[in-house]
Amino acid sequence: MPPRQEEPRRDATGSRRGSSRASGARSGDPGGGGISDARAYTPRGRSIREAGTGQQRRTPRGGRSGDPFRPALQVLDGGRAEPARTGRRDAAPTGRGGVIRTVPTRPAYDEPDDEPPAPPRRRPGPRPARSAARRPTRKPRRPPKLADPRRRLRLATVLTLAIFATIGVRLVVLQAVDVPEWAGAGRSDRLVRVDLPAPRGAIYDRWDAPLANSVEARYVFADPTRVQDREATARALSPLLGIAASKLSDRMRPRTRENGVPSEFEYLARGVPIETARQVMALELDGINVHRDERREVPNGDLAANLIGFTSPDMVGLEGLEARYDDLLSGVDGRRVYEAGRGNLAAPIPGGFSQTTEAEPGSSLQLAIDADLQFRTQRILAEQMAKTQGSTGAAVILEVGTGEVLAQASYPGYDAANPEESEPVERDDAATSFVVDPGSVHKAITFGAALEEGVISPETTFPVPNAVRKGDTWFADTHPAGGRTMSLAGMMAHSSNVGTIAVADKLGRDKLIEYQRRFGLGQPTGVGMPGEAAGRILPAQEWSGSSYGSVPIGHSVDATPLQMAAAYAAIANDGVYVQPRLVRQTIAPDGTRTPTEAPKTHRVLSPENAAALRTMLEAVTTVPDATGVQAAVTGYRVAGKTGTGWRLVDGRKQPGEVASFIGMAPAEKPRYVIAVFAHTPSGGGGQITAPAFRDMMRFTLQHYRVPPSSGADAPNFVVYPR
C-alpha cells in the first residue's frame, strides 16, 4: 500500500511547505523512497492523520483551543486553569535532510483532564542564557485555594432568610403582641381626665329638715398651656369669681408636674353658681373652662354650726360632724376619661376612647337635733350671754330615756356658710370641749352615791356648822346654818358645802370615786363629736387632806357640760345611765335607713333612790330662799341644781367663774334634762344660767306639748326640822 502523501502546510506567510521528508526529496534524494515514506508521529506514536478523522489537525501555530473560556470555567469549578499550549518546540536541525518533529495540540474535545499544563507563553525577546550548571528543581507553588461559590450562595441564602424571618417576627410582635402598648402610649397623649365629684351626703335634723346639704355648682379651671394672656384673663374673671386678679393670674402660671409634664389643669374657683359659670363661658377666654361641681350649703347660717362644722372647697370635712363622719358623707368620686384633640380642636374625638366611672354619692346623717328647738336654744343662750362681755356659754338638752341630744348650743357661734370670717375659738363646740370645775352641780352625785350605799336616807338630818376644815383649807357655806339641824333637801336647797362634805365623809373616798365613774365622769361620752374632752377624776393616790373637802362639792374634778347633763339624765331616768346620742341613723344613697348603734346603758341608782334624789333637787327651785328659784317654770315641777366653779384651759384655772344650772322637768316624771354653763370673766354667771334654763325648759315643754304638772303632788320641804 503506497504511503500517503503529507498535505503541505502553510507557514506564517501563507506559502505552502511540506514536511521534512518532502523537502528532502525535493532536494535531490535519488531514492526518495525511505525518506518519502517517513511519517510524522505524535508523542503517542500515531501519525497526525491516524489520530484524527482524516482531517489535518491544527498546529500550535494555527491557533488555540476551540473553547477560549475553558480556563475560566475550570477556575470557577474549583479546578486549575490549563495553561495554553503553543504546540511548538524548537527543533534542532540534524542536517539538510533532518526530520522536524512537530507535536500539535490536541483538540479541546479530545484533551484528557490529566494533561499536564503547557508552559506559559513567553513574551518575544531574547531568552536569558541559562547557567551551565543545572538549576535545582523547585517545588511547584500550589495555587491559592479559592472559595466555593456554592457554599457562599448557601450562606447568603441562609442569612437573607434569617433577616427576613427576624423582620417578620418583629412585625408580628408589633402588630399582634405589642399593639396595645404602642396604641396606649399614643392614646395617653390624647386622653383628657375629668373628675366627677361625688355628691356629699346631707345632714338632717330629727324631722329630716336639712341642716347642711350639697347643691349642684360648677368649678372654673384653667389650662395654663392654652392661656394666651394671663393678666387680661385674670382681670376679666376677677369680678365674676370674686377673687383678686393677682391670685387668679398666679393660679394660671405655667407649672411642671413631678413627672416633667406641663400642667394642663389648675383650679381657679370651686362651688361657683351655675349662672356665674355661664357668664364665665360667655367670655370665651382661651384655656378657661368649667365643669360640674357641688357646693356645701347651710340653709340656716349659724344654726347648729358649732355642732355640724363645715367643709373645705374640696368638700373635705374640717370641723364638727362634717369632719367626724367625713368618710361616710364624702362618697367616692367618679372620673371620665376620653380622647380629645389639641389646640382649637380640644373636643372629644368622635368614635375615640371614652370611659366613664360614675360617682358614688355619700350617705347622709339624721341627727337627734330638733332644728326648731336648736334655733330657740341658741337664741336664748345668746341673749343671756350678751349681758357679759367676753363670756363663753354652752347649753345641752337631752331626752330622758333615749339619751338623744335634742339641742346643743354654743356661744359665741359663727356662720358655717362663711367659716373664714370667724375665729377658731368661735367654732368650738362648748358642750364637749368646755372643761370646767362643775362646782355644786356635782353635789347631786355625792348625795346619790350616799343614798345608794345606804349611809343616808331621805329622812336623814344632822347639825351643820358654818365651816369645816379639811387639810389646810376651810370650807364654808354661803347660807350659814349656824349649827342647826338641816334636812338633806335643805342642804340641797341652800347648796351647803359643809353638809355635803359631812355626807361624803360617811360615804368614803373610794366609793365617791366609784360613783363618779358610774355617772360617766372621767371619760368621753362618745356622742360623736371630734375632739371631745374626757375630763378627769382625781385619782385616790393624788388626794390630799383638802381633797376630802373639795372633791365632794365639785372641785378638783374636770368635766364637760355634756358629761354633767348625762349624769343628771341618769337621775331623771330612774337611776339608769344612758349614753348620749347625737346621730340617730344613716341614710344610704338609695334611701335605706340604718339606725346607729344603740347607746350603752348601765344602772347607777335604784329607782327608789333616784326618785328620792329628784325630790331633794326639787327643793332648789321651790324653797323661797333657795339658790335656783329663778329656774322655776310656771305650771311645771322642776328639779335641778345650781353650781359655781372655774374654767380650766390646759389644766390652768382661768379668771372669773363658771356658773351652771342643770335641771329636769316635769320632776314627777322627767322628760327632758337641760344643762346651761356660762363662763363670765367678771362673775355674775348665776344671773345668766338659771333664767336661761327657765326659758329653754318652758319652750321645750310647750314645743313637745307636755301637760303641766299637778300641784297636788308637789312636796312640802322643811329646811330646818328643829
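How many aromatic pairs does the structure hold? The count comes to nine, where rings of Phe, Tyr and Trp (its six-membered ring) pair if their centres lie within 6.5 Å. The model is a predicted one, with local features needing pLDDT of at least 70 and side-chain atom pairs counting only at pLDDT 80 or more, while totals for chains, interfaces and linings use all residues. Residues are numbered from 1 along each chain as its sequence is written, and side-chain values use heavy atoms, leaving out hydrogens and water.

Take Y219 and Y267: their rings sit 5.1 Å apart, centre to centre, with 75° between the planes, which is edge-to-face (planes over 60 degrees apart; under 30 is stacked and the rest tilted). Y219 belongs to strand β5 and Y267 to strand β6, 48 residues apart; strands here are DSSP runs (E, at least two residues), and helices are runs of H or I with at least four, numbered from the N terminus. Y219 is buried at 2% relative accessible area, whereas Y267 is partly exposed at 32% (buried is under 20%, exposed over 50%, partly exposed in between, with a 1.4 Å probe and protein chains only).

Then there's F221 with F265, a stacked pair at 4.8 Å centre to centre and 25° between the planes. F221 lies in β5 and F265 in the loop between α8 and β6, so this pair ties together parts 44 residues apart in sequence. F221 counts as buried at 15%, and F265 as partly exposed at 26%. Ring pairs link Y219, F221, F265 and Y267 into a cluster.
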